[in-house]
Amino acid sequence: MKYLSEYRNLEATKRYLDLIEKTATKTWNIMEICGGQTHGLVKNGIINLLPENVRMIHGPGCPVCVTPLNLIDKAVELLENGIIVCSFGDMVRVPGSKKSLLEAKASGGDLRILYSPLEAVNIAKQNPNKEVVFFAVGFETTAPANALSVLHAQKEHVHNYSILVSHVLVPPAMEGILDDEFCTIDAFLGAGHVCAIMGLKEYYPLVEKYKIPIVVTGFEPLDLVQGIYMALVQLEKGEYKLENQYARVVREEGNLEAIHIIEKVFEIGDREWRGIGTIPMSGYVLKSEYRNFDAESKFGISSITTPENSDCIAGQILKGIKKPHECPQFGKACNPSNPLGAPMVSSEGACAAYYHFSNHLI
Amino acid sequence: MSNMDLGYDTINLGHGSGGLMTRDLLDKIIFETFSNPYLDQKHDGSIIQMDGKIAISTDSFVVSPIFFKGGNIGDLAVNGTVNDVAMCGAIPEFLSLAFIVEEGLPIGDFIKIVETIKETADRSGVKIITGDTKVVERGKGDKIFINTTGFGKVHPKADISADKIKAGDKIIISGPIAQHGMAIMSEREGLEFESTIESDTTNLNFLVLDLLDAFGDKIHLFRDPTRGGVASVLSEIADDINLGITIQENKLPLDDQVSAACEMLGLDPLFVANEGIFITIVSPEVESEVLALLQNNEKGTKASCIGEITQEHPKKVVMQSMIGGKRMVTPMIGEQLPRIC
């Protein structure tokens, strides 16, 4: 655990907090992209240790939160039709329009909670008379393993396996946020693990086009305060460049093998984002040669559409325009036992972070 | 005892019928293993003599898998109820024991569980005095469910009650957290995660007895943070007493391997189940002596004072993080689920 405890060191974190206090001379809005970073900031109480003029805006990087409602309804439909649905744990409590996956399980659906999509291929092999679907959600981080499961299934002739794809990409989301007329963001903390897969090359054009600092940052307390400090130094100097705070994990070129696997199976296409709408060329879809692994076409469920709950302001939360506790439903009509939208129930959702750790109340 | 003597390899519906097969199973396994003057009467129930205040606690055990590193469902069925009685400030003496078995359970598994129950009960100083065995059709249960009810006399010096907790009281935990939950997690199907983490399941009654002998009414509360973990228990206590609780993250005893497993699976150790530790809230003047007593016992070597009761933030649990920040600790909602990334 040494490599983790070092990044939770009290003295080192304090040194950076002091530097942040001394460096920031005016008000700056910094968005952390990733939900894991949001939780790191809130869970460790960093939010309350930052000076008032350094404001953290919580970004859209929670895969569960941005998965559109109709995808959950589609997965529920599959479960109700006797198909084995495998999912990461986070997804199963998110409400669909009628029920969540967990509720569909309670009504008799065969839902399996897994850590790896490769395990779903094994389940398909063990159940040759059943169809098995993996709910392939997530950003660039989960795409390689999901793509690999398709390659494995193909190689081993597992024809009863398919994936329900809802893969989204970080750079188009950042552009969407920056293009929004209400955007007040001065700098980004880039999503460390996404960059560990994809490398840095996609971010240079964003820095240039929007003249905005991006610091690719890790998830531990020391990573976060160092990333914030690096962004502030740029902002105060009037600079904008791409920096890599998380160099112990993120290489310039990314993980070439993972990228190769992604590109073999997926291509970039339009994707719907929950609460935001469709963003052109913002996600992965299966390439035509792998379409027989596409659960939506295999089971004829692509026509299911579902409107979002109008009381949920997830879109504004995900774009950083509002903070969770500024939502009139927060903690009242919307809470983790009875969520109106995904950010309240996902372990990386900003609303859940505020609800569980309630830092704004301390 | 081996399944060769019995003439059958699995438990089937006939063993729950109440007829000859049931009698055979009871005679050869249950009565032989647990023989004691109460049970040997083979009556519908047992008659016991207990004077004074009696603590009673019941619990059902449905853990899956039934065998795991550090124990099996039999250990939990005894330790869980023994500990619940002990948390009331009582000395557990008797247990009831009821099985619901799914047909098809290998008889060897059943015998192994029964033998574990016997060993664990002996270690805890409790007698099994009545019981029941039912068998359900395949698919109507999950291998084996066990219910136990424990009876114990309240310790003469005990005065355990949330009403006695005052601001300034110290919160002490008897050992490292999250061991049991992570041991179970590492054996669940589909998680592709291996570890040598063992369940911490153990009986805590003698340790509780030592504390009550030594400190009596200076001990204000005992709770064992089983399902829902430390976070859920502390939240419940704060809510009950209408006072605040402050804890220090860096004082929470947490084994390195358990901590790493929680990191990997994205679980918060504060929410993970325990089966062999307790939280006690004590008067501040006995803090160091309580800690010394615990740390000198093999079941409490890593005991730690994790925080205190405060006038501030009533009904809320606030944790001082490793890096000096503050955050709220809220009870667990539903089941803890593995994260995406």
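Reader: Which residue just after α6(B) takes a positive phi of about 60°?

Author: This is a predicted model, where local features need pLDDT of at least 70, side-chain atom pairs count only at pLDDT 80 or more, and totals for chains, interfaces and linings use all residues. Residues are numbered from 1 along each chain as its sequence is written, while chains are lettered from A and ligands numbered from 1 in the order in which they are written. Helices (DSSP runs of H or I, at least four residues) and strands (runs of E, at least two) are numbered from the N terminus. The residue just after α6(B) with a positive phi of about 60° is B:Asn242.

Reader: How far apart are the end C-alpha atoms of α6(B)?

Author: The helix covers residues 229-241 of chain B, 13 residues. The expected span is 1.5 Å times one less than the number of residues.

Reader: How many of the 13 residues of α6(B) are buried?

Author: A residue is buried if 20 or more other C-beta atoms, placed from the backbone, lie within 10 Å of its own, exposed if 12 or fewer, and partly exposed in between. Among the buried ones in α6(B) are B:Gly229, B:Val233 and B:Ile241. The helix is largely enclosed by the rest of the structure, because the buried residues number 10 of the 13.

Reader: Which strands do the buried residues of α6(B) pack against?

Author: Contact here means that the C-beta atoms of two residues, placed from the backbone, lie within 7 Å. The strands that the buried residues of α6(B) pack against, in chain B, are β8 (219-223), β9 (244-248), β10 (279-282), β12 (317-320) and β13 (326-329).

Reader: Which element gives the largest share of the side of domain 1 of chain B that touches domain 2 of chain B?

Author: The bounds, from an automatic or database domain assignment, are 3-154 for domain 1 of chain B and 162-329 for domain 2. Between them, 21 residues of domain 1 are in contact with 20 residues of domain 2. The elements giving two or more residues to the domain 1 side are α2 (73-87), β4 (90-102) and α3 (107-124) of chain B. The largest share, 9 residues, comes from α2(B).

Reader: In chain A, which element gives the most to the side of domain 1 that touches domain 2?

Author: Chain A is divided into domain 1 (1-311) and domain 2 (314-357). The contact takes 29 residues from domain 1 and 22 residues from domain 2. Elements giving two or more residues to the domain 1 side are α3, β2 and α5 (63-66) of chain A. The most, 6 residues, comes from α3(A).
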